[in-house]
Amino acid sequence: MTIPFSYIIRNLVTRKVTTLLTAGGMALVVFVFATVLMLEEGLRKTLVETGSPDNVVVTRRSAGTEIQSVISRDQAAIVENQPEVAYGASNMRLTSKETIVLISLTRRDSDKSSNVLIRGVGQTGILLRPQVKIINGRMFRPGLSEIIAGKSIADRYKGAGIGEKLRFGKREWTVVGIFDAGKTGFDSEIWGDVDQLMQAFRRSVYSSVILKMSDPAAFQKLKVRIEGDPRLTLEAKKESVFYAEQSQLLSNFIRYLGVALSSFFSVGAIIGAMITMYASVANRIMEIGTLRALGFRRKNNLSAFLTESLILGAAGGIVGLVLASFMQFFTISTMNWQSFSELAFGFTLNLSIIIKSFVFALIMGLIGGFLPAVQAAHLSIVDSLRAA
Amino acid sequence: MENFSAPIVHIKNLTKSYRRGGQIVSVLTDITFDIPSGEFIALMGPSGSGKSTLLNLIAGIDKPDSGTLKVGGIDIAILSEGDLADWRAANVGFIFQFYNLMPVLTAFENVELPLLLTQLSYKERRERVELALIMVGLSDRMEHYPSELSGGQQQRVAIARAFITDPVILVADEPTGDLDRTSAGEILAILDRLNSEMEKTIIMVTHDPHAAKTAHLIRYLEKGQLDVAD
């Protein structure tokens, strides 16, 4: 038997203010820690879910992103005619030759402007992305200066709402539809007819070719053929992998910055917990001595004080996680450094983040309580009783 | 097991010193005496005479430098720290001057504490604790916290905690030192009953001649040496 749990809990309850402040300090650190992980997860999820596993993105070799990629019309024609390409209705090949242009748009809530990605897509472009749904208006018609805007862009930028007009590429473009891409990266894009956009921007080359495979298992064969063809200086990636790589730089930055920040903060919280626990030991020296006299062992006192600080950590962890869970209601937008364009994403909480944050909180409690608990365990009985 | 012809406490050539500020201060010098089983003994003497140290040694919360110290036939001077903790839990009941109750536990829970180190079930523990609190006249105060009790009531809870495990000896360090005359009288009466009715061996350190009179035997300590008195 050990020292009763009620003794440990009531000691924490008795010192309400100290307990609340210490657990509150830890809660704030856990909040920062969890929020950063949620941000990174939100970014990862947004970009990874942008890609479909049976789509292949073909870009110029070592371009890294579509914006840096160049594919000539001849090369695009070769890629389109690969045998692995799937066929859709009326025997149409499911491929989309696309071009990417960045334009600067002004925000609705301020006069600041940001880069927004315009994607010129082929007729089948939307068929390749089943997650993209027109929620207002209609699809743009080929051959006209019509565009459709992602929900997140339409909400946040002047001129991007339905019926509004945007001026770029020396033309005026009418927004005829708004699409919802299910919180993927496409939500932060504007789409138009690829041929119209290339004319407007005087481009003669595509940025990428997207194709749907009839059998996703044949990807390796397709990749080897495209990358081995001397006429093509291109590389092929599964769309899901391609977009996951797009999130790498920003995701790493968020993770490292977040972990570094939480580590610094956690030192403060650990010191706070240590001071609380040292004070707790100092106030209870007589009780510690009495418990030992009654027959409780050193290890019982050690575990009682460690449990007390673990409870502080756990309380901080729970409060921090509850606070962090509210962040799921927020969406933030920032520039994705790899595509140089605006990307909107939310905070995503999952089981792995909950476990990591909670373990982090317990570790803070454990480190904070360790030295005071060792001190409590090593007091001599006679000296402790004299402290009365 | 208890035999009136054999002493419950056997002390021979016991010495104890402390290191204080780099100097070794001798507290007990060559103490030899026995305490018969069922005795109620008062240890008296001026401050610093070593009476509390002697009590701590007998209770197994401190260790002698040399000499023999047997309690209930067991040489407690050679027990390891863990074994000594188990021995105390089973054989010694403590009563302190300032009661030493856990402020966050109720009277019931304070008395139950030593039983948590036994194999007794919750039901058995509950029965014992209730009985003990009835014996010290606190059956209506079981759910009260120490801060809600008077000094005398707190000391009665502490006495219940001391005898709840049915220990071989009860050690009391100035049990009436913090109490008024009436409360002190009540505490001494309970100790007397524990000695006469339950045949508990009680070793009490006190400054108070009135308290010492309750004991059947008084021993004086002076500069770490024992003087025999009536």
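User: How are residues and chains numbered and lettered, and which pLDDT do local features need?

Analyst: Residues are numbered from 1 along each chain as its sequence is written, while chains are lettered from A and ligands numbered from 1 in the order in which they are written. Side-chain values use heavy atoms, with hydrogens and water left out, and in this predicted model side-chain atom pairs count only at pLDDT 80 or more, totals for chains, interfaces and linings use all residues, and local features need pLDDT of at least 70.

User: What is the radius of gyration of chain A, and what would a compact globule of 388 residues have?

Analyst: Chain A has twelve helices and twelve strands, where helices (H or I, at least four residues) and strands (E, at least two) are DSSP runs numbered from the N terminus. Its C-alpha atoms fill a box of roughly 95 × 50 × 30 Å along the principal axes. With the radius taken over C-alpha atoms and the globule rule being 2.2 Å times the number of residues to the power 0.38, chain A has 29 Å, whereas a compact globule of 388 residues would be near 21 Å.

User: What is the radius of gyration of chain B?

Analyst: Chain B has seven helices and ten strands, and its C-alpha trace spans about 50 × 40 × 40 Å along the principal axes. The globule rule gives 17 Å for 230 residues and the value for chain B is close to this, so chain B is as compact as a globular protein of that length, with a radius of gyration of 17 Å.

User: Which residues of helix α1 in chain A are buried, and within what arc do they fall?

Analyst: Buried means under 20% relative accessible area, exposed over 50% and partly exposed in between, with a 1.4 Å probe and protein chains only. In α1 of chain A, which covers residues 5–14, the buried residues are Y7(A), I8(A), N11(A) and L12(A). Seen down the axis of α1(A), with directions taken from the helix axis to the C-beta atoms, these buried residues line one face of the helix because they fall within an arc of 135°.

User: What covers the buried residues of α1(A), and which residues are exposed on the other side?

Analyst: The cover, judged by contact (heavy atoms within 4.5 Å), includes α2 (16–48), α9 (285–294) and α10 (298–325) of chain A. On the other side of α1(A), the exposed residues are F5(A) and T14(A).

User: Is T348(A) buried or exposed, and with which residues is it in contact?

Analyst: T348(A) is found in the loop between β12 (341–346) and α11 (351–378) of chain A. Its relative accessible area is 18%, so T348(A) is buried. Leaving aside neighbours within four places in sequence, T348(A) is in contact with M38(A), E41(A), G42(A), K45(A) and I353(A).

User: What are the relative accessible areas of N91(A) and N100(B)?

Analyst: Phi of N91(A) is near 55°, a positive value in a residue other than glycine, and phi of N100(B), also a residue other than glycine, is near 50°. N91(A) lies in the loop between α3 (73–80) and β2 (95–106) of chain A, and N100(B) in the loop between β6 (92–95) and α3 (107–112) of chain B. N91(A) is exposed with a relative accessible area of 62%, whereas N100(B) is buried at 2%.
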